[in-house]
Amino acid sequence: MTNWPGTETFIEITYLIATALFILSLVWMRTPVTARRGVRAGEIGMALAIGGTLLHHGLDYKWIMIALVLGTVIGIPLGRVHMTAVPQRTALSHAFGALCVTLVGTAEFYLRAPNVPRFMMAVLSMEVILGGLTFTGSLMAAGKLQEYLPQRPITYKGQNFVNLAFLAVAIGVAAYLVHDPSHVHLFPLMIAIPLVFGVLMIIPIGGADMPTVISLLNSYAGLSAAAMGFVLDSKLLIIAGALDGASGFILSVNMSKAMNRSFTNVLFGAFGQEQVAGAAAQEAPPVRSATAEEAAAILGAANKVIVVPGYGMAVAQAQHKVRELYDALNKRGVDVKFAIHPVAGRMPGHMNVLLAEADIPYDKLLDMDEVNGDFPQADVALVIGANDVTNPAARSDASSPIYGMPILDVDKARTVMVIKRGMSPGFAGIDNPLYYLPKTLMLFGDAKSFVGSIVRELTGGGHG
Amino acid sequence: MKMDLLTSLYVFMLAGFIGFEVIRSITPLLHTPLMSLTNALDAIAVVGAIILAGEHRSTLATVLGTIAIVAATSNVVGGFLITDRMLKMFKASGPKK
């Protein structure tokens with residue numbers, strides 16, 4: 001093997017620059033103004049690191065090139081999915097990342113076995129356990145989001161015990177291998193158990209919990225990559241993994257807070273516990289409903305309107321109609337803003353992307369903390385496809401299962417309008433007292449067509 | 001060996017702190033592109049897979065390394081592509097027509 005003097009140093013320097021660019025890339029993600037520069041920085045860093053790696057002496061390029069081309073061919077369509085499909089695409093990419101890490105870890109083990117130093121064995125175990133459970137867990141999550149699998153949580157008695165037992169056995173096997181790495185035949189077991197655990201972990205999780213789960217899987221994927229960095233003694237990989245792990249961790253904490261779940265709850269993945277049975281069906285109090293014409297009259301006369309979109313709006317594909325409404329109201333001088341709850345959508349920030357795609361300027365998209373002070377001054381709060389995140393019981397009714405969950409204070413607006421198909425309760429199966437307030441108008445119908453008729457009233461009827 | 005390990009732990013810890021500080025300051029507006037970006041960056045694991053596939057130390061290593069490259073590369077390409085597509089859509093409200 002020939003080696004040019006200085007090549008190794010050169011490769012290390014490309015890694016060093018790549019690391020700096022990766023950190024800058026995240027720094028620039030801070031605001032939409034600089035975010036695209038962040039993507040460029042990440043791309044350049046990635047190209048440098050891959051280019052540097054290819055200079056390693058003694059590499060046979062045939063399979064590398066085939067794999068790089070094949071990966072690109074798979075990657076391009078994955079980069080072009082529809083914006084509503086971004087959550088499942090993200091889950092799928094967590095699965096791919098974890099697959100890569102698990103395969104490399106497996107190969108490294110068999111190359112080194114049976115003489116694996118203890119610390120090496122410990123990080124290798126962490127790498128394949130986290131990688132394995134993230135791989136199948138993310139595939140399951142992607143399947144549920146794509147609706148190949150039932151979205152409904154599947155629960156049974158003692159589920160948490162069974163799941164934790166699986167995890168405990170995997171850790172036990174890992175500990176035994178660290179103690180005595182010569183038991184090479186145990187290694188497949190240490191991969192197989194986390195693979196099964198990943199599936200079991202996602203089975204009890206319903207659609208509404210997906211933002212937390214995706215963030216958590218993101219964190220696991222990052223940590224497994226960092227563990228791989230320890231195995232390969234690659235600082236670049238340790239840093240990239242740690243950044244990804246930290247990011248996923250922060251997002252899952254955010255999501256768990258927004259869903260009123262404790263932090264341990266998230267760490268142990270005990271999502272979607274038994275749903276509290278709704279209170280015995282009482283006689284429903286009366287609600288006030290209104291037509292599109294009446295709604296348009298009130299909206300057109302308002303000074304300040306806050307739209308509260310939920311996932312139901314995206315399911316109904318109503319975001320473009322909502323943009324038309326935004327334009328029509330803007331034309332009349334009505335100030336329109338959007339209130340985004342952290343869990344609106346199927347992954348953190350998903351709703352912002354859907355509204356940005358419909359050409360709504362991002363400075364009109366306000367997150368919960370920014371917007372809650374504005375509701376008392378709003379003439380109308382228009383709720384489209386959101387339910388539990390507007391439920392005032394979370395603030396006032398200590399017996400409610402969602403008590404303590406941070407909500408959007410829509411009930412403080414002068415008039416509340418709720419577009420909804422019918423009176424069925426939301427994901428959590430909890431009745432929403434908001435609908436029975438005297439100031440609330442229920443607009444029954446499909447979100448897309450109802451918003452469409454309001455827009456027609458506003459543009460055709462009153463104008464000119 | 002012991003020193004190497006310790007250095008790696010220091011690196012991991014510092015990167016974790018940087019990660020926390022940087023990510024915390026990122027607007028919730030961009031959390032979805034953030035996740036797809038970190039996903040693409042995380043696929044830097046491809047460098048380990050490249051060396052594994054290219055060194056031919058065993059057939060198993062080459063096969064697993066090759067599959068690993070495919071998986072990671074799809075994340076690199078798809079991740080950067082979709083992040084940029086999303087960010088392109090975020091526009092500030094300009095002067096009204």
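**View 1. Strands β4 and β5 of chain A, side by side.** In this predicted model, β4 (residues 380-384) and β5 (residues 415-420) of chain A run in the parallel sense and pair over five bridges. Strands here are DSSP runs of E with at least two residues, helices are runs of H or I with at least four residues, and both are numbered from the N terminus. Two strands pair if DSSP finds at least two bridges between them. Look for A:Leu382, which sits opposite A:Met417 in β5(A). Residues are numbered from 1 along each chain as its sequence is written, and chains are lettered from A and ligands numbered from 1 in the order in which they are written. Because the model is predicted, local features need pLDDT of at least 70 and side-chain atom pairs count only at pLDDT 80 or more, while totals for chains, interfaces and linings use all residues.

**View 2. The open sheet of chain A.** Six strands line up as β3-β2-β1-β4-β5-β6, with parallel pairing. β3 (365-367) and β6 (440-444) of chain A each have a single partner strand, so one side of each has no neighbour in the sheet.

**View 3. Residues 270-281 of chain A.** Here pLDDT (the predictor's confidence in each residue, from 0 to 100) stays under 50. The model still gives this stretch 20 contacts beyond four places in sequence; a contact means C-beta atoms, placed from the backbone, within 7 Å. For chain A as a whole, mean pLDDT is 88, and 92% of residues reach 70 or more.

How values were computed
Two residues are in contact if their C-beta atoms, placed from the backbone, lie within 7 Å.
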